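Please look over the chain shown below before reading on.

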Amino acid sequence: MSDLNALIAQRGQIKAQLTRFATYLRTNGGDNVDIDQIKVRTEKAKQTWEDFRCVQQQIEEEDRGNEDNERYREEFENLYFENIAKSEKIFKMADSTSTNASSSNVDSNAHIPYKNDNAASTNPNVNSIVKLAPLEIPQFSGAYTEWAAYHDIFSALVHSNDKISDIQKFFYLRSSLSGDAESVIKCIQTTADNYNAAWNSLIERYDNKKVLIQVHTQAIFDLEPIKKESSSQLRKLVDTLSGHMKALESLGEKPSQWGALLMHLVVSKLDTKTMREWEISSSKTEVSGISKLTNFLQSRFRVLEAIETSQQINSLQENNRMVTYANKKKRSSVFAATSEIKCYFCKQTHTIYRCPSFLGLAIADRIKRITELKLCKICLRSHEGERCHSRRCTICARPHNGLLHLSRSEKPTKQTASHTNEVIDRDDSKEGENSNNTAVSVSACAYRKNNNSQILLSTATVYVYNIDRKPIQCRVLLDSGSQHNFITEALAQYLRLKRTKTSCAVVGINESSHTASHIVNTTIKSRITDYLSNLDFFILPKLTTNLPSMPIVAPNLKIPAGLAMADPAFGTPQAIDMILGAEIFFDLINKEQIRPMAHGPVLQNTKLGWIISGPVPHSTVCCIETSVSLFTRTSSTFETKTLEERMAAFWRLEEVRSDELYTIEERACKQHFLKNVQRVDDGRFMVALPFKVALKLGNSYDRALRRFMSLERRFQTDKNLKEGYVKFMNEYIELGHMSITNSVPAADQCYYLPHHAVFKDSSTSTKLRVVFDASAKTDTNLSLNDVLLKGPCIQDELVSIMARFRTHRYAITADIKKMYRQIWVTESQRDYQRILWRENPDQPLNTYCLKTVTYGVITASYLATACIDKLSSDEALQFPEACSALKHDFYVDDFLGGAGSISEALKLRDDLIKVLQKAGMELCKWSSNDPRLLESVDTATINVNANDILMDVENTTKILGMYWNQNIDAYQYTIRPFDENTRITKRVILSEIASVFDPLGLISPVIIKFKIIIQRLWQLNTNWDAVLPSNIEKEWRDSHRKLSDLNLLVINRSLVGDGEIADIQLHGFSDASETAYGACLYLRVVNTNGKCITNLICSKSRVAPLKTVSIPRLELLAAVLLARLASKYAPNLHLPIKKRFFWSDSMVVLAWISSQSSKWKTFVANRVGEIHERTLIHEWHHVGTHDNPADIVSRGCCPSQIKNLELWWSGPKWLSDSSSKWPMKRTETISSIDVITEAKTASCVMTTNDHDKT
């Protein structure tokens, strides 16, 4: 991940260079333009193109499937071509102006004037007969072989030129350097005073005679050998050898005197024939000199050139004779002419690749224009023949030029004339067009409808060819309802086929969506006939479950003997490797069809053999269970899930979720746990990992080894990391939670877990934790987490636990020490939890087995909480209160509980310790609002000043994300200071909002204002990292500066107060505005002394929908939210609530609620019906707006104000008085509302029939 972040940072730096170039052109592209500086900057900008392509390719390989990468590439390309075209336009205008202004006879064509131009100084009026090309300074990349030439040319043209200022020389110097040479002066500021220092730095770095000699000598040793007799290669060898020898001579060396060593080196580079000729012509007794060898080689390549030229002439004449013979009745004339390059688009003297006008077009317009000009879409030229051998698109590898690559967002949607929602796929083989974002559909069904039959689907076994053209047998499903063909990820990897990026949306039952991001092409062949077909397949991780779902007794189907079945094992449940869709389905069908038995399956003859499909009678099914197994994909238009859509779930946090039923997988996991869980001799639990059926792992060792080696390299640079890591692993070993294993099971019978460190500064026990990665893929593209069942959440919701924690006078918190590691995994499955570890690189690499439930495994949380639930059931008779707390007051391993008296709290504490000790578990990090509850607890397990790093408040404990000060028994918030220099973007705003943890909604009026800002950014369609509109940024900064005022907020934890309770009531309020709506709950407690206290329990808020909704309807939504809030969380308080009151300031809503839901239109009827299910009509009352605390939620408030809002924290003042002083429900007014637009309208239709009279 760190490598990916480094690449992303490097990509940002490259784009920043291009952005600075664009800014320079925009601000300096007027009349007083500096052409030289623009040329220098343009060349640097062109270098960024290659740098970007290299970095972007690495990012896309590391971060596959991330659509932001493609969008980033598109933005960079548009910015690059736009500004390169702009600079070319400036050059063209400057050349035109220069040509018109050059009326003098002086040749002004030199790019840089000479200091001592004798011809010019002697006779300045001599007319220039020949117009010389501009003298350009060569580029120097840091290669020592280029230094001498570069030094002399730059010195002559620039360094010794008195007509150029030092600052101009510095610019010329920087523009002529690249690579390592550029790094030498990178840190030197570009000023006139620093030019000489920069030039001298280069001389000191590269004017090294020793290194230059070594470089030229090494180049002679590295001469490229000639493998086949060739004049061009021989000439190249001679020229290269001579060049390096002359360079060495200029440095004072005498390579011609190196004798036998140099001779042997050069002769060994020659091809066999040349070497033989040399040995024939050279002396047989003495070693010849190097000059004689070079003369021989020069003579030799001249002879070869003459021979090759003659052969080419003869070949050309032979071809001409053949053409003449074939066309002897035709006459033709051939003319050869040369002309300068002209652009196909604007007819100017440049290629279409560099045409500013063409590059300035949108990509769709470029494609249209290329089609009109009848040019090849790959090379952008006109040539004969349909096949083009030029390089394809470097972005998607499709047959088109990179300048014509359409990103996903730019591609037009193709539609049929009759079905506007059906997206048609394109054929890549036609006209070389590229479109890789096609929405497709696939439909396949395996349905077992009752206990009497099962439905067979058409399956076949075929041969599919891998990358080496070797046939591999696989099993396919024939599906006439599928628009495309599909292949599993596992088979695609096994075949090692070349992949092409695409984007295919596959939408299924209940609109469940999947995306295929790659496509492969291969050939399938029938086992029975000679049928062959080349097809494209979209890759998906898995296609369907095993088919058929239950074994079939094939003989009972009365299949005629002698039929060549396409799938001989059609009755045995097996995996499906491919789906063949409608593209090929009907081509496979032959005419013959047989139904062996009534109401049985049909046999259909195909080119793959006989397939069988249809209902199977009960007598042929080995085992029957009442279930439905569906695999369906239905047609849908393609829809890209943007980051905005993925983040939309953030707003649903304020929704009150209803109780969810377990899924099939969750039920199976629960049943597996209950079947396999056991208690060992010391009382600890031992569990089994719940594996899915028919999923096998592959080789995981190689990936785990690579990850561990990378970890060891980090250890070498980070000693603190190594120290903490070793300490953690040694503790694992000392406690017996892992042990060395020497067994070598099969690759699919074990799994190696990669591991890494996670730091948590707020932890009071372990700052560094080692986390094990059970999601790492094996070579079959399956991880351990992929083959395990994920269990359900069986504990109470976080909000319920935290709200109930406020009902105890005496509160206690603790957590189970190393809970996961107190539960054993059955010994037969520990090979699936293997890790690689050694303390030092000089030690042998050992394999360990983790013996306990492991954090990082998908089932770990369920297995641990299920053991706690099982423990509470086992010990419920002996410790009823403690076991009830185990079941309801634990969130994973954190305990939040308490009691109404000190004696009850002490008993609860002691019983919890005893119960957990029976399972080998220990409670630690104890905290309480009463010190007496901590007196007999081991001091080592007391949580003392747990978060003094985060808060300057003593005795503050972080419980489930919130801060509890035990001394004052109150909640507090910690808002970190915001850096005013931070660039404000939508991403930053959302991150800041999400960092304020408020599960009970105690500061909803503050948070809702920030949510409204986010919604406004959604409406503006602002990019995640774009600069915000100034008014929104100002509003955000002003609001966020005040957010730190929440640090002064103190909220009472206890809801019930002191004294014996006489009466408890629940009061809820709802309200809505144009921007938001919300609801809040209050607990009204009256003790035996008549003292009444009211406190806010919790609240929920939501922003108003973007679609315009009337205020009465928003008020109704708020009332629904209140009903859900009360029905969900009030029962979980475990308090004897005698009465419930729900208050709204909307008379219209109260009128809707007071009537039958069937009376209203659909929107109102559905919501009124839900309110009637959760509440009673007589519980709803009217309250004035000024006395409605929910009004604060719907409108929001400033962080500095919420502290003193008594209405928010305690509700309206009259709530503490007797009920006789409460607002009266005005039934007459509610029932006499005469403007109710949501009432259903009735229509009467009268029909008459006229009968003819006879």
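The text below goes from the whole chain to its sheets, a helix pair, aromatic rings and some backbone angles.

## The chain as a whole

This is a predicted model, in which local features need pLDDT of at least 70 and side-chain atom pairs count only at pLDDT 80 or more, while totals for chains, interfaces and linings use all residues. Residues are numbered from 1 along each chain as its sequence is written, and side-chain values use heavy atoms, with hydrogens and water left out.

The chain has 35 helices and 33 strands. Both are DSSP runs numbered from the N terminus: helices are H or I with at least four residues, and strands are E with at least two. Of the 1254 residues, 45% count as buried. Buried means under 20% relative accessible area, exposed means over 50%, and partly exposed lies in between, with a 1.4 Å probe and protein chains only. A contact means heavy atoms within 4.5 Å. Among contacts between residues at least 6 apart in sequence, 70% join residues at least 24 apart.

## Strands and sheets

Strands of a sheet pair through backbone hydrogen bonds, either parallel or antiparallel. Here two strands pair if DSSP finds at least two bridges between them.

Strand β18 (residues 810-816) is joined to β24 by four bridges, and the two run antiparallel. Within this pairing, I816 stands opposite L923 of β24.

Another open sheet has three strands, ordered β15-β21-β20, again with antiparallel pairing. Strands β15 (738-740) and β20 (834-837) are at the edges with a single partner strand each, so one side of each has no neighbour in the sheet. From one strand to the next, the twist averages 35°. Three bridges pair β15 with β21 (residues 846-850) in the antiparallel sense, and M738 has L850 in β21 as its bridge partner. Helix α21 packs on this sheet and touches β15, β20 and β21; its direction makes about 130° with that of β20.

Strand β16 (residues 755-759) is joined to β17 by five bridges, and these strands run antiparallel. A757 has V770 in β17 as its bridge partner. Strand β17 (residues 768-772) is mostly covered, with four of its five residues buried.

## A helix pair

Two packed helices are described by the angle between their axes and the distance between the axes. The axes are lines fitted to C-alpha atoms, for helices over the stretch in contact, and angles run from 0 to 180 degrees between N-to-C directions.

Helix α20 (residues 701-717) and helix α21 (residues 719-734) pack at about 120°, with axes 5 Å apart. That makes α20 oblique to α21. Angles under 35 degrees count as roughly parallel, over 145 as roughly antiparallel, 65 to 115 as roughly perpendicular, and the rest as oblique. On the α20 side the contact is made by L711, R714, F715, Q716 and T717, and on the α21 side by K719, L721, K722 and Y725. These residues divide into four nonpolar, two polar and three charged. Ala, Val, Leu, Ile, Met, Phe, Trp, Tyr, Cys and Pro count as nonpolar, Asp, Glu, Lys and Arg as charged, and the others, Gly among them, as polar.

## Aromatic rings

Rings of Phe, Tyr and Trp (its six-membered ring) pair if their centres lie within 6.5 Å; planes under 30 degrees apart count as stacked, over 60 as edge-to-face and the rest as tilted. By this rule the count is 36 aromatic pairs. One of them, W1214 with W1222, is tilted, with 6.3 Å centre to centre and 55° between the planes. Ring pairs also link W49, F52, Y72, F76, Y80 and F81 into a cluster.

## Backbone angles and exposure

Most residues other than glycine have a negative phi, and most peptide bonds are trans. K374 is not a glycine but has a positive phi of about 55°, and it lies in the loop between α15 (363-372) and β1 (453-456). D969, also a residue other than glycine, has a positive phi near 50° and is found in the loop between β26 (962-965) and β27 (970-972). The peptide bond from L547 to P548 is cis, with omega near -10°. P548 lies in the loop between β7 (532-540) and β8 (578-580).

The table lists accessibility for residues named above.

| Residue | Relative accessible area | Class |
|---|---|---|
| K374 | 72% | exposed |
| D969 | 15% | buried |
| W1214 | 11% | buried |
| W1222 | 8% | buried |
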